Amino acid sequence: MVRQARSIPALSAIETFARFTFVRVNDMNSVWIVDDDRSIRWVLEKALAREEIPYKSFGTAAEVLAALDSATQPPQVLVSDIRMPGESGLALLSKVKARFPQMPVIIMTAYSDLESAVAAFQGGAFEYLPKPFDVDQAVELVRRAIDESAHQAGAVEELSSVPEILGQAPAMQEVFRAIGRLAQSHATVLINGESGTGKELVARALHRHSPRKDAPFIAINTAAIPRDLLESELFGHERGAFTGAQTMRRGRFEQAEGGTLFLDEIGDMPAELQTRLLRVLSDGNFYRVGGHQPIKANVRVIAATHQNMEDRVRQGLFREDLFHRLNVIRLRLPPLRERREDIPSLAKHFISLSAQELGVEAKRLSDGTLKYLQSLDFPGNVRQLENLCHWLTVMAPGQTVEVADLPPELKDQPTREQPANWGDALMAEADRAIAQHPGEVFDMLSRDFERILIRRALSATGGRRIEAAQLLGIGRNTITRKIQELGLEEPDHA
């Protein structure tokens, strides 16, 4: 169900008649809504009517296509769900974009995974709106779409039954959107993220949803190969180039011809090889070790590192010019502790995969176990959680996994600090305030409470107010007003 950030005021009978008459008689329906969920349509209808944006609603893709055939003018914006009876929203998107390439299409879905985001953007969608959404955010998005005149176009890709990358957290939705927007690009990408956050998984997704998807994806960990061998690994060598080089060898750049070369842990690349890599990125040519003929490199480079590259540059450990060559598009992958809401779905997914791999019945994680896992920091991030789920599939004694069944090192690990009963802590603070600040208690504690909530929500969304408001269940205008009232114009995100 959609969360409404602000209540929709009741309209008077005359106002209702005037607005809805305007919607019906206007030949140019600005916004068409298609969703089989009647409640979603109702909320969007009321929000658009409140903003005096003409609209028309449909329950299926077939109804929309029939209306397009008979309409004198197409809508300015189409807002469509993905999964509906009959044709899907993605199939509708494909047909609409084939007839009206410039029409903005906003895709809604409750299935917020990478495949949905990429398929929507590849099909030419203007934006991807995961449910539940903030009504203010949806209206703002519609207004932006109305003003938009040119949009991307591309091929629609079918959704697979198993999502490539899971993530409901706002930070992961940003990653999905970025991958979708990069789907038709050849741009160099730099992925930043702690160990175990899934950097190679994102690199493979970028490749699989790119024009190079039918060519090779070659990955190399530049920190795992000895310095003396790394040059030959990357660029290959000619026969006799050095002792033991008895045959010519093609390097990773040649192996990735026409495709994608993923350079993991690029921040640890030796200085002399940084110079050679810069030359390849600059002029597109390289030489095998011991070779004299230049070889043209038709390769998209995606680099990844867990390190702060700006610090590496300042310390003189990484070439600044190479950094700027790599840093064309940067993606930051959040650590698992910044997306705790994703832990239950990830854990269930990994438990299911492990059960399939081992040919056993999938175990069930109790609610208490899931809550406990959400309290852990997981320094090894998603990879650590995946390994844990495999361990539990093998080692947990029963079909239902309780906290007691977890490995000893996790049971002994400090959890995220949470008061056993925050109500008791509040009572103690209220007693102190009543004694020290009589007459000011309610206003003082209420403001402190709101200030803490807004700061933590802004911290969780990287300062993005609309998403922070969505997390709190309030409207965009409300959070803007509260930030001003509480003096949070420059909130502390530490």
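## Salt bridges in a predicted model

Asp448 forms a salt bridge with Arg451, and their closest N and O atoms are 2.9 Å apart; a salt bridge here is a side-chain nitrogen of Lys or Arg within 4 Å of a carboxyl oxygen of Asp or Glu. This is a predicted model, in which local features need pLDDT of at least 70 and side-chain atom pairs count only at pLDDT 80 or more, while totals for chains, interfaces and linings use all residues. Residues are numbered from 1 along each chain as its sequence is written, and side-chain values use heavy atoms, with hydrogens and water left out.

The structure holds 27 salt bridges, including these:

| Pair | N to O distance |
|---|---|
| Asp448 and Arg451 | 2.9 Å |
| Glu450 and Lys482 | 3.0 Å |
| Arg314 and Asp311 | 2.1 Å |

Asp448 and Arg451 both lie in helix H19 (residues 441–460), 3 residues apart, which is about one turn of the helix; helices (H or I, at least four residues) and strands (E, at least two) are DSSP runs, numbered from the N terminus. Asp448 is partly exposed at 31% relative accessibility, where buried means under 20% relative accessible area, exposed over 50%, and partly exposed in between (1.4 Å probe, protein chains only).

Glu450 is partly exposed at 27%, whereas Lys482 is buried at 18%.

Arg314 and Asp311 are 3 residues apart in helix H12 (residues 309–314), and therefore about one helical turn separates them. Arg314 is exposed at 63%, while Asp311 is partly exposed at 29%.
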